Amino acid sequence: MQHIHNKSLLSFMVPNEKQGIAVTNPATGEMIGYAPISSEQSILDGIERASIAQKEWSAMPAKSRAALLHKWYQLLLENKQDLARLMTLEQGKPLAEAQGEVVYGASFIEWFAEEAKRTYGETIPAPSADKRLVTIKQPVGVACAITPWNFPIAMITRKAGPALAAGCSFVVKPSESTPLSAFAVAELAYQAGIPRDVLQVVLGESSRQVGGIFTSHPLIRKVSFTGSTQVGSILMQQSAHDVKRTSMELGGNAPFIVFDDADIDEAVAGAMASKFRNAGQTCVCANRFYVHSKVYDEFVAKFDAAVQQLKVGNGLEEGVTIGPVVSESAKQNIQALIDGAVEQGAEPVSELKALDGLFMQPVILKNVTHDMAIVSQEIFGPVAPIIRFETDEELIEMANDTIYGLASYFYSQNIHRVWKIAEALEYGMVGINEGLISTEVAPFGGVKQSGIGREGAKQGIDEYMDVKYLCFGGNK
């Protein structure tokens with residue numbers, strides 16, 4: 001593959017379709033290479049090996065595990081350019097965004113390398129003089145994960161980092177659309193000294209097959225998933241038969257709110273960062289915009305002027321800020337939402353243009369009403385529907401009128417309103433005068449049907465640990 005300097009990153013690739021799955025560039029349709037497919041038996045054997053390796057891995061001092069994770073972190077940064085180019089080739093996002101994701105993904109490895117040494121227990125005041133009460137934390141065992149195509153590196157490191165730091169072994173199935181980045185990241189982990197049986201990447205004949213193995217295998221004690229609410233619900237049901245621990249980061253329908261006292265220029269900058277990153281294909285991106293009627297026209301005009309500066313194209317080309325969407329079916333679904341909204345009275349702010357291939361023009365729709373399908377559904381594309389509102393009470397009711405509760409954003413300079421709205425929004429994360437909220441040091445996750453559990457921060461490692469209570473008696 002051209003321009004990949006560290007050729008060992010691609011050592012996993014197989015020569016033809018008989019041995020692997022073809023990966024194509026969504027910007028050009030060209031075939032990049034073949035990722036290896038694991039048979040059902042090889043996945044089962046890998047889980048057996050992961051269970052054996054986990055015992056030795058967890059017995060290693062936390063400081064030693066942390067040292068290996070630090071080496072992995074350094075290798076990720078040293079290979080940032082190659083990893084970013086590989087990601088752009090198979091996923092499509094602009095090269096600068098891909099470089100940012102490598103750094104973001106690596107930050108979770110660095111963070112949890114440190115957290116490995118801070119999995120503290122507690123000493124509890126005893127109810128009687130002859131007892132001593134203590135808690136300790138221990139790894140749950142073998143953990144597995146299913147990750148999506150939109151952040152093919154960060155979604156893995158955000159799960160693998162805490163699992164390995166806690167003392168778990170980890171088996172991950174990446175998306176069939178973007179498996180090369182996953183295998184490359186794992187190859188760097190092996191170069192850092194992390195055992196191959198402790199960290200495994202698998203692709204099966206189908207996602208359903210691998211999900212069934214993960215949720216049914218008795219040696220797997222934790223299932224982590226990032227994806228749709230529908231699939232997450234199925235995985236939770238399948239995991240219930242032997243009460244596996246689960247964490248789910250699922251669908252979103254993020255409101256982006258601009259109050260009449262907002263700094264409009266700051267709000268536009270935040271909207272651009274939140275809405276159009278990764279061509280709008282993120283679970284936390286702004287999905288629907290609510291703008292107070294007093295500043296509606298000003299915001300729309302400034303927002304449109306900023307959107308006109310975006311450049312759509314191949315992510316490897318200089319100056320490109322919007323890459324392709326993931327598939328033809330995704331493009332058709334997005335276009336259907338646009339067409340439906342226009343039929344119901346929404347108006348494109350600028351002329352709509354049909355683009356070839358998997359590219360889509362960034363679109364702002366004004367005069368949208370809250371009852372339109374484009375407001376209730378997750379768009380997952382470069383489309384911004386904008387709705388007017390008049391009062392705080394009306395706004396809160398509309399913003400919370402969804403089964404989802406992942407991320408939300410609002411802009412206001414009134415400290416009293418800030419607290420009121422922040423507390424009233426039914427979301428796991430709230431960006432206040434800020435459009436980019438993801439960071440390894442803060443807990444990431446949602447409420448309602450956007451999932452359970454948290455990733456990142458000190459809470460992230462607890463998702464992979466059990467608390468054990470020790471009661472010492474006979475202390476006379």
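Phe-289 is buried, and Phe-299 is buried too. Let me start there. One caution before I go on: this is a predicted model.

So, the rings. Phe-289 also pairs with Phe-303, and that aromatic pair is tilted. The centres are 5.4 Å apart, with 45 degrees between the planes. Where do the two partners sit? Phe-289 is in strand E11 and Phe-303 is in helix H10, so this pair ties together parts that are 14 residues apart in sequence. How buried are they? Phe-289 has a relative accessible area of 0%. Phe-303 is also buried, at 0%.

Now the wider count. The whole structure has 12 aromatic pairs. One of them joins Phe-289 and Phe-299. Their ring centres lie 6.4 Å apart and their planes meet at 35 degrees, so this pair counts as tilted. Strand E11 covers residues 286-292 and holds Phe-289, while helix H10 covers 296-307 and holds Phe-299, so the pair ties together parts 10 residues apart in sequence. Ring pairs also build a cluster. Its members are Phe-256, Phe-276, Phe-289, Phe-299, Phe-303, Tyr-409 and Tyr-411.

Rings meet charges as well. The charged end of Arg-158 sits over the ring of Phe-444, 3.9 Å from the ring centre. Lys-222 lies over the face of Tyr-464, at 3.9 Å from the centre of that ring.

Next, salt bridges. How many does the structure hold? There are 24 salt bridges. I will take three of them.

First up, Arg-245 and Asp-466. Their side chains meet at 2.5 Å, N to O. Arg-245 lies in strand E9, residues 245-249, and Asp-466 in strand E18, residues 465-472, so the bridge ties together parts that are 221 residues apart in sequence. Arg-245 is partly exposed, at 25%. Asp-466 is partly exposed as well, at 35%.

Then Asp-261 with Arg-417. The closest N and O atoms are 3.1 Å apart. Asp-261 is in the loop between strand E10 (254-258) and helix H9 (264-276), and Arg-417 is in helix H14 (residues 415-424), so this pair ties together parts 156 residues apart in sequence. Are these two buried or exposed? Asp-261 is partly exposed, at 24% relative accessibility. Arg-417 counts as buried, at 15%. This bridge belongs to a network: shared partners join Asp-260, Asp-261, Asp-392, Arg-417 and Lys-420.

And Lys-117 with Glu-114. Here the closest N and O atoms are 3.5 Å apart. Lys-117 is partly exposed, at 39% relative accessibility. Glu-114 is partly exposed too, with 24%.

On to a sheet. Three strands form an open sheet in the order E3-E4-E18, with antiparallel pairing. Strand E3 (122-124) and E18 stand at the edges with a single partner strand each, so one side of each has no neighbour in the sheet. From one strand to the next, the twist averages 25 degrees. E3 and strand E4 (residues 132-139) pair over 3 bridges. Thr-123 has Val-134 in E4 as its bridge partner.

Last topic: cysteines. How many disulfides does a search of the whole structure find? The count is 0. Take Cys-168. Cys-168 is buried, with a relative accessible area of 0%. Cys-471, by contrast, is partly exposed, at 42%.

Definitions and conventions: Residues are numbered from 1 along each chain as its sequence is written. This is a predicted model: local features need pLDDT of at least 70, side-chain atom pairs count only at pLDDT 80 or more; totals for chains, interfaces and linings use all residues. Side-chain values use heavy atoms; hydrogens and water are left out. A salt bridge is a side-chain nitrogen of Lys or Arg within 4 Å of a carboxyl oxygen of Asp or Glu. Buried means under 20% relative accessible area, exposed over 50%, partly exposed in between (1.4 Å probe, protein chains only). Helices (H or I, at least four residues) and strands (E, at least two) are DSSP runs, numbered from the N terminus. A disulfide is a pair of cysteine sulfur atoms within 2.5 Å. Two strands pair if DSSP finds at least two bridges between them. Axes are lines fitted to C-alpha atoms, for helices over the stretch in contact, and angles run from 0 to 180 degrees between N-to-C directions. Rings of Phe, Tyr and Trp (its six-membered ring) pair if their centres lie within 6.5 Å; planes under 30 degrees apart count as stacked, over 60 as edge-to-face and the rest as tilted. A charge sits over a ring if NZ of Lys or CZ of Arg is within 6 Å of the ring centre and within 35 degrees of the ring normal.
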